[in-house]
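This report describes the architecture of one protein model and the surroundings of its annotated site. The sequence and structure are shown first.

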Amino acid sequence: EWWAKERSQQTPESKAIEEAAELLRSSDLPVAFPTETVYGLGADATRSSSVQGIYRAKQRPSDNPLIVHIDSLDMLERLLNPTLRSSPTGTKTPSISIPPIYKPLIDKFWPGALTIILPNSSGSPLAPEVTSKLTTFGVRMPSSPLARLLIHATDRPLAAPSANASTKPSPTTAQHVYHDLQGRIDLILDGGASGVGVESTVVDGLCDPPAILRPGGIGIDEIRKCEGWETVAVGYKDGSLDVKEVPRAPGMKYRHYSPKARVVLFEPSSSQAGVVKHVKADLKDTAIGAHNIGIIRTRNWKLGLELASEDQIAKTSSPVPSPVENVISFPVPVPDTGSNGRAKMAYDYHLGSDAVSIAHGLFAALRGLDELDVDVIYVEGVPDSEGDLAAAVMNRLRKAAGAELRV
Ligand code: TXA
Ligand code: MG
């Protein structure tokens, strides 16, 4: 009702949504839109040519399947039973329903940051590019009202990966999308910063026991509380656990979440003294020492204070202007290697100490430090065992750092 009224009054918002919906129905260029997790790059999931446009725009490998976004359970039912409505005889087509194991999850977490894996039938209206040859597809109902309105106005399920250029950190603002995809897409709906900041949790209930394929916005502990999910297995691999299988969500195997700068992640078990020693040795190394560094700290680090004295920071530090907030910069007093005469600046970024604010700001911090042209980013990790978002944050950071750059 609200939407019908909004639409009839032709507000700027409703016109923008209509324009985006029209592009999604008719053009092969994808449209970027906000969701509560990260920005998505959407296309009509039932049209091959438009889904191909997603892979082109973000230069995504074609064997990495996309998540389908729906606005209602009704839309999902129609997707699962494409012939139900058009049956001319009125005979009841056997209906394919959502496997019962997902019911408690859907009740509890939809709309929200949870993607479920469903079987894809041979008569499915989904374009084959969505599933990239798998016999299953991932689907979620986002909680962002703007995302759901867009799906509703388009009246199609939307296939949408994160709206970053492939390998880059996921975008949590419209500006991040613009930075990566300008010239490659025609329209970005700007809904402000994404609240959650990391992508949805991907779960597979088709196997026994069910498995988490990607940690994300919904915590594993919360999922374990649901009936049928008590023994959920960890089906992803990021070095945190001894999981020997190959990654089951195809996207998990690619280089991911990587800023231009080299990322060094310190696991939370690293001692402060060990961190300082490692960084100081790094800074003396001519390859790194003559450059700028970024620090992303969460809880306990006093790395800035250890690199420069408190006095010196007080005298010389300055807030860094937009696009990066919560950052102070100060010169780092390391022995001059004389290699190229560039200033050695440290940019110290405090993400906050609870998992919610860390997840919310993480991708913006990685991107913001890239804009400041740092060469290496030192990151203070948090314990996975804190559950909820902590494991998702560490998963993204381990990928950003790559196995060889974790300390
Ligand atoms: O929060 C999110 O999920 C965001 C927003 C835009 O909704 N989307 C997102 O999409 O993160 P993307 O494409 O960046 O990541 C999708 C992940 C990949 O790791 C992919 O391999 C996995 O989901 N995936 C998709 N379909 C799958 C399937 N049928 N089986 C296993 N994994 C699948
Ligand atoms: Mg992605």
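## Sheet architecture

Nine strands form an open sheet in the order 1-2-6-3-5-4-7-8-9, with mixed pairing; strands are DSSP runs of E of at least two residues, helices are runs of H or I of at least four residues, and both are numbered from the N terminus. Two strands count as paired if DSSP finds at least two bridges between them. Strand 1 (31-33) and strand 9 (233-234) each have a single partner strand and stand at the edges, so one side of each is left without a neighbour in the sheet.

The model is predicted: local features need pLDDT of at least 70 and side-chain atom pairs count only at pLDDT 80 or more, whereas totals for chains, interfaces and linings use all residues. Residues are numbered from 1 along each chain as its sequence is written, while chains are lettered from A and ligands numbered from 1 in the order in which they are written.

Strand 2 (residues 40-44) and strand 6 run antiparallel and are joined by two bridges. Ala43 has Ala159 of strand 6 as its bridge partner.

Helix 7 (residues 145-154) lies across strand 1, strand 2, strand 3 and strand 6, and runs at about 145 degrees to strand 1. Axes are lines fitted to C-alpha atoms, for helices over the stretch in contact, and angles run from 0 to 180 degrees between N-to-C directions.

## Annotated binding site

An unreviewed UniProt entry places the feature "binding site" at Thr37, His69, Arg140, Ala160 and Ser200; such positions follow the numbering used here, feature names are shortened, and annotations may be inferred rather than shown by experiment. These residues are spread over 164 residues of sequence but cluster in space, with a largest C-alpha distance of 12.6 Å.

His69 lies in strand 3 (residues 67-69) and counts as buried, with 28 C-beta neighbours inside 10 Å. The term buried requires 20 or more other C-beta atoms within 10 Å of the residue's own, with C-beta atoms placed from the backbone. Not counting residues up to four places away in sequence, the contacts of His69 include Arg140, Ala147, Ile151 and Ala160; a contact means that C-beta atoms, placed from the backbone, lie within 7 Å. Ala160 is located in the loop between strand 6 (158-159) and helix 8 (174-181). Ala160 is also buried, with 27 C-beta neighbours inside 10 Å. Leaving aside neighbours within four places in sequence, Ala160 touches Gly40, Leu41, Gly42, Leu66, Ile67 and His69.

Terms used. A residue is buried if 20 or more other C-beta atoms lie within 10 Å of its own, exposed if 12 or fewer, and partly exposed in between; C-beta atoms are placed from the backbone. Two residues are in contact if their C-beta atoms, placed from the backbone, lie within 7 Å.
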